[in-house]
Protein chains: 2
Amino acid sequence: MKINVKKDVLSRQNRVAAGNRARFEGAGAFTVNLMSSPGAGKTMLLEQTITALQKDFKIAVIEGDLATDRDAERLRRLGVQTVQINTVGGCHLNAEMIARELAAFDLEQTDMLFIENIGNLVCPSGYDLGQHRKVALLSTPEGNDKIPKYPVMFRRTDLTVVNKADLLPYVDFDVNRAKEDLRNINPAAGFLSVSAKTGDGMDDWISWLKREAEQCLNR
Amino acid sequence: MKINVKKDVLSRQNRVAAGNRARFEGAGAFTVNLMSSPGAGKTMLLEQTITALQKDFKIAVIEGDLATDRDAERLRRLGVQTVQINTVGGCHLNAEMIARELAAFDLEQTDMLFIENIGNLVCPSGYDLGQHRKVALLSTPEGNDKIPKYPVMFRRTDLTVVNKADLLPYVDFDVNRAKEDLRNINPAAGFLSVSAKTGDGMDDWISWLKREAEQCLNR
């Protein structure tokens, strides 16, 4: 019986995700679900991404956190439409939380929407929010074994971005090894290495976003 | 109805946790539930801890991971009794998983048992495994905002250990600020800063373990 309850909840979530996706497409808003461990640098990556893109694109952000609106505050300072969802202990966002926020969201004025998920390398991976692309961020201090150890996340994402490349001299992380590990479990996925802090590699990430947005929205 | 199912599952887990606790106490095995984000350095901290303690204490480890037995392999090399639990996507260990392993475990030959939980700063916090002490590891590259942003974890732990102190010159982390943040949400909890890599601060951690073991087992 417990299995049926779970199945029912999931199929409702999938219907809501499909509704979100229809809204994103209708409004022409390319949507990225950004996931990672706590502290991998999701918010800093978004700060740099917004700064790079906001002269050409109208950007908006939905921020997920267990508690506080610190991350939303950081992004509002850049002048982009940002809403904060606090899950109060919940370990991932789901499609219904997003649908609730979209009700009051100016999606028609949005070219790119970033959803910053809860810092968690496990739970968010299983939940479709209706996004066009799922991106996993992995930071170099987390170490070289995370892709095989957390396959549920990396197997299901369209792109893995290795962040904090500036710390490579001080930590045990081999970028080529990570790329190889990703290819083993998810050969179709993209792979990039950046430092949001120094700006290194950010051009590749920005190009990826533009290209995928074009492809997804058939512009 | 879903609430009742959840309540029932939790109360069963709590009964199993109480059973685990009775077994730990009966065998005189001081037990620590070690939790953190992925890549904060739980396994390396355990490697150094085992090396420091194993001449005086019989150490054993229960390793939790979504997939692979890499961490258990690292610890077995040190000659300690180690079992690996793979949760196959499950985001935390629970008391029943531990109870199943204890059935075949030589607990009478164990003075200290470390349970390395799944790398996740959210889900493991709510599950009693029957441990004597809960320890949260927080690594400096994760950044200074994690204690207020993940209060469910840090509010419920007996000790927070800041790891990767060797990276402090290269990352944005203020140890005093973290200590203050912890005091605000959990004034009774302990706080230590270490580098498992360089050995810095490890003496304080080892002393804490010895003192708490003595206190818990009334030796």
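This is a predicted model: local features need pLDDT of at least 70, side-chain atom pairs count only at pLDDT 80 or more; totals for chains, interfaces and linings use all residues.
**View 1. Helices H2 and H8 of chain B cross at roughly 70°.** Start with helix H2 (residues 42-53) and helix H8 (residues 202-217) of chain B, whose axes come within 11 Å. Their crossing angle makes H2(B) roughly perpendicular to H8(B), and the crossing is right-handed.

**View 2. Residues of H2(B) meet residues of H8(B).** From H2(B), look for Leu45(B), Gln48(B), Thr49(B), Ala52(B) and Leu53(B). From H8(B), the contact brings in Met202(B), Trp205(B), Ile206(B), Leu209(B) and Lys210(B). Sorted by class, this contact has seven nonpolar, two polar and one charged residues.

**View 3. Seven strands of chain B form an open sheet.** Follow the strands across in the order S3-S2-S4-S1-S5-S6-S7, with parallel pairing. Strand S3 (81-86) and strand S7 (190-193) of chain B are at the edges; each has a single partner strand, so one side of each is left without a neighbour in the sheet. From one strand to the next, the twist averages 20°.

**View 4. Strand S6 of chain B pairs with S7(B).** Here, strand S6 (residues 159-163) of chain B runs parallel to S7(B), and four bridges join the two. To find your place, look for Val161(B), which stands opposite Leu192(B) in S7(B).

Conventions:
Residues are numbered from 1 along each chain as its sequence is written. Chains are lettered from A and ligands numbered from 1 in the order in which they are written. Side-chain values use heavy atoms; hydrogens and water are left out. Axes are lines fitted to C-alpha atoms, for helices over the stretch in contact, and angles run from 0 to 180 degrees between N-to-C directions. Angles under 35 degrees count as roughly parallel, over 145 as roughly antiparallel, 65 to 115 as roughly perpendicular and the rest as oblique. A crossing is left-handed if the near helix is turned anticlockwise from the far one by less than a right angle, and right-handed if clockwise. Contact means heavy atoms within 4.5 Å. Ala, Val, Leu, Ile, Met, Phe, Trp, Tyr, Cys and Pro count as nonpolar, Asp, Glu, Lys and Arg as charged, and the others, Gly among them, as polar. Two strands pair if DSSP finds at least two bridges between them.
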